[in-house]
Amino acid sequence: MAAHSVRLKTLGAETLCGADQPVLDAFLRENVWLPHGCAQGTCGSCKLRVIEGEVDHGAAPEFTLTTDERAEGLALACQARPRSDLLVEPLADIADDGVVRHPLRDVVGTVAELTDIARGTRRLVIDLDEPIPFTAGQYVELTVPGTELRRQYSMANPPSETSRLELHVRHTPGGAATDGWIFAGMAVGDRVDVRGPLGVFGVGRPQDEPAILIAGGTGLAPMKSIVLAALAEGLVPEIWLYHGGRTEADLYDGDVFRELEGRHPDFHYRPCLSEQEWDGASGLVTDVVLADFTSCKGMSAYLCGPPAMVEAGAKVLKRRRMAPRLIFKEEFTDTSDLLSPSTAEEERT
Amino acid sequence: MTAVHETPAWIAEITMAELERNPYPFYERLRKECPVAFIPALGFHVATTKEACQEVGGNSDIWDGLISPAGGRTFGHPNVLNANGPEHDELRGMVEPSLQPAEVNRYVEDLVRPIARRYVEAIEDAGRADLVAEFCEPVSVRSLGDLMGLQSVGSDKLREWFHKLSVSFTNAGVLENGDWANPEGFRPGDEARAEIRAVLDPLIDKWIVEPDDSALSHWLHDGMPEGQVRDREQLYPTVFVFLLGAMQEPGHAMASTIAGLWTKPEQFERVVDDPKQIRRAITESMRWTSPIWSAVARTNKVDTTVAGTFLPAGSLVMLSYGSANHDENDYDAPSEYDLDRAPVPHLAFGAGKHACAGSYFASEVCRIGLEELFEAIPNLERDENKEIDFWGWGFRGPVELHAHWEV
Ligand SMILES: Cc1cc2nc3c(=O)[nH]c(=O)nc-3n(C[C@H](O)[C@H](O)[C@H](O)COP(=O)(O)OP(=O)(O)OC[C@H]3O[C@@H](n4cnc5c(N)ncnc54)[C@H](O)[C@@H]3O)c2cc1C
Ligand code: HEM
Ligand code: FES
C-alpha cells in the first residue's frame, strides 16, 4: 500500500503512514506519543493542524471536527489518513509530562476466562501471545471477529502484568461486540485480535495530590488497575474509590477492594447503590461524593464510566472546588454517541 | 470640512450619552451606509468598517498618529499616541524593551501569578464578588504597576487614577461652535494628573540616582549618554497613556471574557474545564467587546478618499476598532460571543506603526488571571439577580460583574 511521510513540526519526529492508516496509529506504533483519548472520533483530544499536505478525514464526525475547523486545516489524528506527505502539529501540549509511554502494537491472544461477575457484566481474561506493556488506566481495542469493527476495553489488571489482560465488559443490548459476540458466541480458547495500548487516562507517574476515583459500572476496570499500581508503587498519597451501581447485583470485586482497604490505611473503598437501601452508601455515586467531602481543594480525581455520570461527577468536584486541570475523565462512549451525541445524551438521562 | 447641514439627521442627532450606553446599533448603520462619517457631536470623522480602519490605521504613508482633542487635553504632548516619525520611534524604543514577547516570557509568570493568587484568595471564601472591582481591575493594575516600579502605589489608587483619566479622555463632546460640551468633565483627569506627578516626582528623583530594573527607571536611562537621563517632561505624557489605557484595558478584557462566556454556559464550562482554551476565549472577547473601542485616531498628510468619503488633508479620523471587529463581512452574527467561531484576526490591538505595544503582555496578564480564577473557583456562577451593564464608547467593558459560588 502506498505510504506517505508524516512529520511533526515541533518535535521533528517523522513516520511513514499508510494511505489507509490513521496518522495517530502510525505515530503510536513508532512510540512517538501524540495526545488522544477515545481513538474513535468522539473526544476531539487528538486534534492536529495540517500545515502542509492533504488528508482524508475518514469517519471524523461533524460534532468533533466542524466544517469550519476542517476549513481552518484541522484534523483528527485518530481518523485522518494522509493523501500526500504531511507536516502536522497537534493542538494539545506535547511537552514531556514525565509519563512513560508504550508503543502501540497488534497482538493475538486467547480467551482464558469468561465469567459473569455482576448483572450483565463479564470478566474477560485474555492470554497474549506477546506482552503489551501499558500504563494503568489505558485500554486496548478488540476486533469483532469477521468484521472491521473495533471496540475499546480498559485494562483492569495492574501494568506489572503485561501478558494477561483482565477486561470488564458490560452487556449493551443490540451491541455488535457485546450482544453479538462477548455475551453470545465467545468461549474460552477463542483467538482474539488485540490492539493497544491506547489512551491517556490514568496514573502514569507519582503525584502529590490525594485522589478520588469515581467509577460507574464497568468504569471500575481502569480504576482497579490504577488502585493496584498506585498501592504497589506508592504513586498516590491517599485514594478514595467510589463504585456506583443500581443494586448490589451491579457491584463486583468488592472483596478485592475490601481486602486492600484492610492492608492499606490510605485506601478507602465506597460502593454506592442508587436503587437499594443497604448498610452501605445510598444514592447516586456523585451525590455520595458531594456529601462525603466539604472541600476538594488540592485533590485530584479520576472519573470513568457512562458519559452522563462522568459529567455529573466533574460538576460535583468543581462544586467542591477541585481544580479542573486535576480532574481526569474517561467516558465509555459507544456507537450511539458517534451517531448522534445529543439524542444519546437524552436517552441516558 | 463636511458641513453639518449635509449630515443625515440620524447622524446629526446622535449624542455622546447614547454612544456610551450602546454604540453598536449606530455603528452598524454607519458600516452599512457611511463607513467613514463625520459625527457632529464629536467634531470629527469615525472609521467604522474593518477595511476603513485597516486603511487609515495601517497606512502610515498617508496617515499620522493623532490623539483626539479630549485625549490631547488629558495627556499633553508628546505622547506615544500622537508622536510621529523620529519622535515616535524614540518613544516606542523607550517603552518596547520590557514588552517584547521574549522578554515578557522571562518575567510574566513570576510577576502575575502571585498577584492573581493573592486577589483570588481575598475573595474565594466569600462566596460572592464583583469580579470587575475585586479581581479583574486589581490584577490588571497591580501587574503593570509592579512592572513599572509603582509598588508603593496601592491598587485602589491606580484604579482611581485610570478611572479619572478615562473620564477626561473620553469627554469628547463638542458644541457646534467647537467648544467643549462639558468642560467640567476634564476636572477628574486634571486632579489625577496632579496627584500622579506628586507621587511620581520623588520616585523619578530616586531612579535618576539609583536606577533599578523597573520599566520607568529604564525609560529614564535607556539609550541615554552616560550621566544623562530623559527629561521627565518628555516622559509624563506617555506615563499618563500607560496609567490610563495599559492599566485599564487588561481588566476590561478579563471581565468581558467572563461576561462573554456567560452568554454561552456550555462554552464557559468548557473553558473552565480546559484552561488551554483560555487564550482563545480572550481573543474572542477582544473581538466581541474591544476594550479600546474608539479611542485612537489618525490625521492625513494629504487629501485622500476612504470608503467613498473625501477627507481633506488634516482631517481627524477616529478608529472605531470596536465597530470594525463587528464587521459583518468578516464575522457572522458579530454581536454574539462565540468561542468556536473561525479566528479571523481582529483589530482590538490596532494597526500599523501605532499598534499596541503591550498586546502580548496584556494577553498574558489576562490568561494568568483567568487561569488562577477558574482553578481556585471552578464553580463560579453568574449572579442572575444582577444585570451585566456594558458601558463606554472610547473604552468599553462591563461596569460590574457579579458572581457567586458555593463555599
Ligand atoms: C476509551 C473507551 C474505553 C472503554 N472501556 C470499556 C470497558 O472497560 N468496559 C466496557 O464494558 N465498555 C468499555 N467501553 C465501551 C465499549 O468500547 C463499547 O462501546 C461497548 O461495549 C458497546 O459496544 P458494542 O459493540 O456492544 O455496541 P455498539 O455496536 O457500539 O452499539 C452501541 C449502542 O448503539 C446502538 N447502535 C449501534 N448501531 C446503531 C445504528 N446504526 N443506529 C442506531 N443505534 C445503533 C446499539 O443498539 C447499542 O445500543 C469503552 C469505550 C471507550 C471509548
Ligand atoms: C487588553 C488590553 C489592551 C488593549 C485591547 C490595547 C489596545 C490598544 C490599541 C487599540 C491601541 C491603539 C493602536 C492604534 O493606534 O492603532 C493601543 C496602543 C498602545 N498600547 Fe495597548 N492595549 C491593551 C493593553 C496595553 C498594555 C497592558 C500596554 C503596556 C503595558 C499597552 C501599551 C500600548 C502602547 C504603548 C500603545 C501606543 C502605541 C503607539 O501609539 O505607538 N497596551 N493599545
Ligand atoms: S477524537 Fe481522536 S482520539 Fe478521540
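**Figure 1. A proline in strand β13 of chain A.** In this predicted model, A:Pro197 belongs to strand β13 of chain A, which covers residues 191-198. The peptide bond that leads from A:Gly196 into A:Pro197 is cis, and its omega is near 0 degrees.

**Figure 2. A loop residue of chain A with a positive phi.** The residue shown is A:Ala39, located in the loop that runs between α1 (23-29) and β3 (47-52) of chain A. Although A:Ala39 is not a glycine, its phi is positive, at about 60 degrees.

**Figure 3. The fold of chain A as the setting for the views above.** Nine helices and 19 strands make up the secondary structure elements of chain A. The C-alpha trace of chain A spans about 60 × 45 × 40 Å along its principal axes. For 349 residues, a compact globule would have a radius of gyration near 20 Å, and the 20 Å of chain A therefore agrees with that expectation.

**Figure 4. The surroundings of ligand 1.** There are 25 residues around ligand 1, and those that come nearest are A:Arg151, A:Gln152, A:Ala177, A:Thr178 and A:Thr335. One of these nearest residues, A:Thr178, has a polar side-chain atom 2.6 Å from an oxygen atom of ligand 1. Backbone atoms take part as well: an N or O atom in the backbone of A:Ala176 is 2.9 Å from an oxygen atom of ligand 1. At A:His168, a backbone N or O atom lies 2.8 Å from a nitrogen atom of ligand 1.

**Figure 5. The fold of chain B.** Chain B contains 16 helices and twelve strands. Taken along the principal axes, the box filled by the C-alpha atoms of chain B is roughly 60 × 60 × 40 Å. A compact globule of 407 residues would have a radius of gyration near 22 Å; chain B has 21 Å, so the value agrees.

**Figure 6. A cis peptide bond in a loop of chain B.** B:His77 and B:Pro78 are joined by a cis peptide bond with an omega of about -5 degrees. The proline of this pair, B:Pro78, is located in the loop between α5 (69-75) and α6 of chain B.

**Figure 7. The shell around ligand 2.** The space that ligand 2 takes is the largest cavity. Two or more residues of the shell come from each of α6 (85-95), α12 (232-262), β5 (296-300) and α16 (359-376) of chain B. Among these elements, α12(B) makes the greatest contribution to the shell around ligand 2, with five residues. In total, 29 residues surround ligand 2. Sorted by class, the shell consists of 21 nonpolar, four polar and four charged residues.

Figure 8. In the side chain of B:Tyr321, an N or O atom is 2.5 Å from an oxygen atom of ligand 2. The corresponding distance for the side chain of B:His88, again from an N or O atom to an oxygen atom of ligand 2, is 2.6 Å. B:Arg92 places a polar side-chain atom 2.8 Å from an oxygen atom of ligand 2.

**Figure 9. The iron atom of ligand 2 and its protein donor.** Which protein residue donates to the iron atom of ligand 2? The only protein donor is B:Cys356, through its SG atom, at 2.3 Å. B:Cys356 is located in the loop that lies between α15 (321-324) and α16 of chain B. The helix α16 (359-376) itself gives two or more residues to the shell around ligand 2.

Definitions and conventions:
Residues numbered from 1 in each chain as written. Chains lettered and ligands numbered in written order. Predicted model: local features only at pLDDT ≥ 70, side-chain atom pairs only at ≥ 80, totals over all residues. Heavy atoms only, no water. Near = heavy atom within 4 Å. Polar contact = N/O pair within 3.5 Å; in protein donor to acceptor, adjacent residues only side chain to side chain. 1 Å grid on protein atoms, 1.4 Å probe; cavity = no way out; pocket = protein on both sides within 12 Å on 5 of 7 lines; lining within 4 Å. Sits in = over half its atoms within 2 Å of the grid points. Helix = DSSP H or I, 4+ residues; strand = E, 2+ residues; numbered from the N terminus. Nonpolar A, V, L, I, M, F, W, Y, C, P; charged D, E, K, R; others polar. Donors = N, O, S within 2.8 Å, 3.2 Å for Na, K, Ca; no water. Rg over C-alpha atoms; globule rule 2.2 N^0.38 Å.
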